[in-house]
Each structure stands twice: as structure tokens, then as C-alpha cells.
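User: Hi! Could you walk me through a structure, starting with how its charged side chains pair up?

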Amino acid sequence: MSTPTLASPGAVAPAAGSSAADAYRLTFPRVVRSEWIKFTTLRSTWWSIAITAVLTIGIALLITGAIAGSGGPAGFSAITAVTSPVQFTMLLAGILGAIAITGEYGTGMIRSTLAAVPVRGMALLAKAVVVAGAMFIASFVIFLAAALAITPLLTAEQSFDWGSPRGTWLPLLAASASMAVFALIGLSFGFLLRSGAGAIAVTVGVLFVLPIVASFFVMAGPGWQWIVTAGDYLPMTAANQLIFASTSSGPDAPAALPAALALAGWSVGGLLAAWTVLRTRDA
């Protein structure tokens with residue numbers, strides 16, 4: 001026969017539903033998982049990634065067939081053919097980032113999101129992690145597939161040096177990171193404007209139109225050179241500089257740090273602006 005024992009005066013009995021409550025407690029990994037489910041179940045996500053893959057591989061094949069087939073110019077680098085499509089696919093990355101959030105505003109799902117995640121900064125950060133991470137991984141796989149696709153068209157001298165970080169891996173990582181930044185820029189404008197058309201228009205303007213406008217002032221007088229200098233810190237120009245720096249070595253190689261800081265500034269600045277607006281404005 002067992003003898004009943006008395007609990008000590010300072011002991012607190014565990015709540016009956018504490019284990020169940022812990023199982024459904026709001027945590028950042030769970031918010032990321034929720035955002036991942038939303039992101040991957042959208043058809044627009046897969047359409048954007050598929051079009052990015054087709055453009056990247058197709059443009060890389062065209063460039064390699066036109067240059068390598070004729071012997072190629074002096075200093076032709078096969079990795080350049082793989083990363084050059086970034087100048088076009090950046091728009092798809094930015095648009096994908098924009099519609100990842102404007103679709104929620106358009107359907108009203110943003111209210112459910114913020115009701116489930118009252119800490120709005122957590123919701124914003126989780127969506128940014130998902131969008132940037134998915135774009136980085138998808139872009140790296142696509143660039144790697146493009147490199148493998150053009151390999152049969154290259155001569156022995158032009159072939160990839162898979163053992164050289166600067167010959168292959170660093171440019172691929174730099175291009176993939178740039179695509180992730182473009183997606184974050186689109187996501188930031190989506191939070192700021194809450195309109196799909198508006199966010200896409202502004203994203204295209206920043207990524208594509210502004211670099212063209214800045215290039216018009218290259219031939220202008222000294223009083224306008226500040227526009228050219230400012231243009232070096234635009235996302236597309238900084239991405240090109242980062243990719244080029246990742247392929248170069250030696251004392252005359254360009255520095256990758258200014259370009260990396262410029263891209264980081266666009267990402268962090270955009271997300272901070274989005275967070276400021278999100279926490280002070282009704283859904």
C-alpha cells in the first residue's frame with residue numbers, strides 16, 4: 001500500500017495543458033516554416049524560378065555558342081557567360097520578392113498573418129529569410145546547371161577549373177547572393193507600397209532604369225560626375241562589380257568590399273524601411 005506524499009510548500013504543480021501549449025508556442029523557426037509553406041505553394045513562385053532557369057541557361061548557351069565557337073576573344077572566361085544573364089533575370093528576382101507580399105495584401109491574408117504573428121518584425125524577418133534563402137539556393141542551382149550545359153561547347157583551354165574558387169565557385173556564389181538581394185529589394189518595396197503593380201514598377205525602376213539613366217552622364221561635364229559615382233552604388237552595378245571582383249586576383253584586382261557593402265545597404269535599408277512602415281500602419 002502506497003503512502004501519499006505531500007508536496008513541499010514552495011512547489012508549483014505543472015499546469016495540465018502546459019505541454020500542449022509549448023507544442024504550439026510561437027517561435028521564429030515555426031514562423032519561417034509557415035512562410036516557407038506559403039511561399040512554395042504559390043504557382044507564381046515556381047513560374048518565376050522556371051523562367052529564370054530558362055533565361056539563364058538559354059542566354060549562357062547563346063553567349064558561349066557565339067564566342068567560344070569562333071575561338072573566343074582573348075581573355076574569354078566561361079564563367080562570364082554563366083553570370084551575364086543576371087542583368088536580365090534580376091527583374092524576375094525583384095518581381096518575385098514583390099509579389100511574395102503584395103499578394104497577401106491583395107487577398108487580405110496579411111491580416112491572418114499578423115494575427116497569428118503579432119510581433120510584426122518577426123513576420124517581416126521570417127518572410128525575408130524565406131524569400132532570400134529560396135532565391136539564393138534556386139539561383140545557385142540554376143547557375144550551376146548553366147555551367148554544366150555550356151561545358152560541351154568549350155575548348156580544353158576555356159573549360160571550367162572546378163578546383164579554382166575564383167574560376168568557378170566564388171562568381172557563382174556572388175551571382176546567387178546578388179539575386180537574393182534583388183528579391184529582398186522587391187520584397188521591401190512590396191511592404192512599403194502594398195500594391196503589386198506599384199512595387200513591381202518601382203523595383204524595375206531601381207534595378208533596370210536607374211543604371212541606364214546614370215550611364216547617360218558618363219560623357220557629361222565634371223559637374224555631373226556625381227551622378228555617375230552614385231550610379232556605382234546602384235544594386236545592378238554593385239552586383240556586376242562584386243561578380244567581376246570575385247573572378248579577379250592580383251594587385252590590380254578590384255575590391256569586392258565596396259560592392260558587397262552597397263548590396264548589403266540596399267537589403268538592410270529596405271527591410272528597415274519596411275519594418276518601420278509595417279509596425280506603424282494598419283494592415
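User: How many salt bridges does the structure hold?

Analyst: There are four salt bridges in the structure. A salt bridge is a side-chain nitrogen of Lys or Arg within 4 Å of a carboxyl oxygen of Asp or Glu. Keep in mind that this is a predicted model, in which local features need pLDDT of at least 70, side-chain atom pairs count only at pLDDT 80 or more, and totals for chains, interfaces and linings use all residues. Residues are numbered from 1 along each chain as its sequence is written, and side-chain values use heavy atoms, with hydrogens and water left out.

User: What does E35 form with K127?

Analyst: Another salt bridge, with the closest N and O atoms 2.7 Å apart. Since E35 sits in helix α2 and K127 in helix α7, this pair ties together parts that are 92 residues apart in sequence.

User: And how far apart are the closest N and O atoms of K38 and E104?

Analyst: They are 3.1 Å apart, and the two residues form a salt bridge. K38 belongs to helix α2 and E104 to helix α5, so here the parts tied together are 66 residues apart in sequence.

User: Is E35 buried or exposed?

Analyst: E35 is buried, with a relative accessible area of 3%. Buried means under 20% relative accessible area, exposed means over 50%, and partly exposed is in between (1.4 Å probe, protein chains only).

User: Zooming out, what does the secondary structure of the protein chain come to?

Analyst: It has twelve helices and zero strands. Of the 283 residues in the protein chain, 40% are buried.

User: New topic: how much space lies in the largest pocket?

Analyst: About 230 Å³. It is lined by 15 residues, and the closest to its centre are K38, L42, A100, E104 and M109. So what's a pocket? On a 1 Å grid over the protein atoms alone, a pocket is an open set of points with protein on both sides within 12 Å along at least five of seven lines, a cavity is a set where a 1.4 Å probe fits but cannot get out, and lining residues have an atom within 4 Å of a point. Grid points are joined across faces, edges and corners, and a volume is the space filled by probe spheres set on the points.

User: Which element gives the most to the lining of the largest pocket?

Analyst: That is α5, with five residues. The elements that give two or more residues are α2 (28-40), α5 (86-107) and α7. By class, the pocket lining divides into seven nonpolar, four polar and four charged residues. Ala, Val, Leu, Ile, Met, Phe, Trp, Tyr, Cys and Pro count as nonpolar, Asp, Glu, Lys and Arg as charged, and the others, Gly among them, as polar.

User: How many cavities of 30 Å³ or more does a search of the whole structure find?

Analyst: Two. The largest has about 40 Å³ of space, and its lining includes E35 and K127, along with residues such as I101, L114, F191 and L278. Helices α6 (109-116) and α7 (120-150) are the elements giving two or more residues to that lining. Seven of its lining residues are nonpolar, one is polar and two are charged.

User: What lines the second largest cavity?

Analyst: Y105, R120, R194, V277, L278, R281 and D282 do. This cavity holds about 30 Å³ of space. Its lining has three nonpolar, no polar and four charged residues.

Notes: Helix = DSSP H or I, 4+ residues; strand = E, 2+ residues; numbered from the N terminus.
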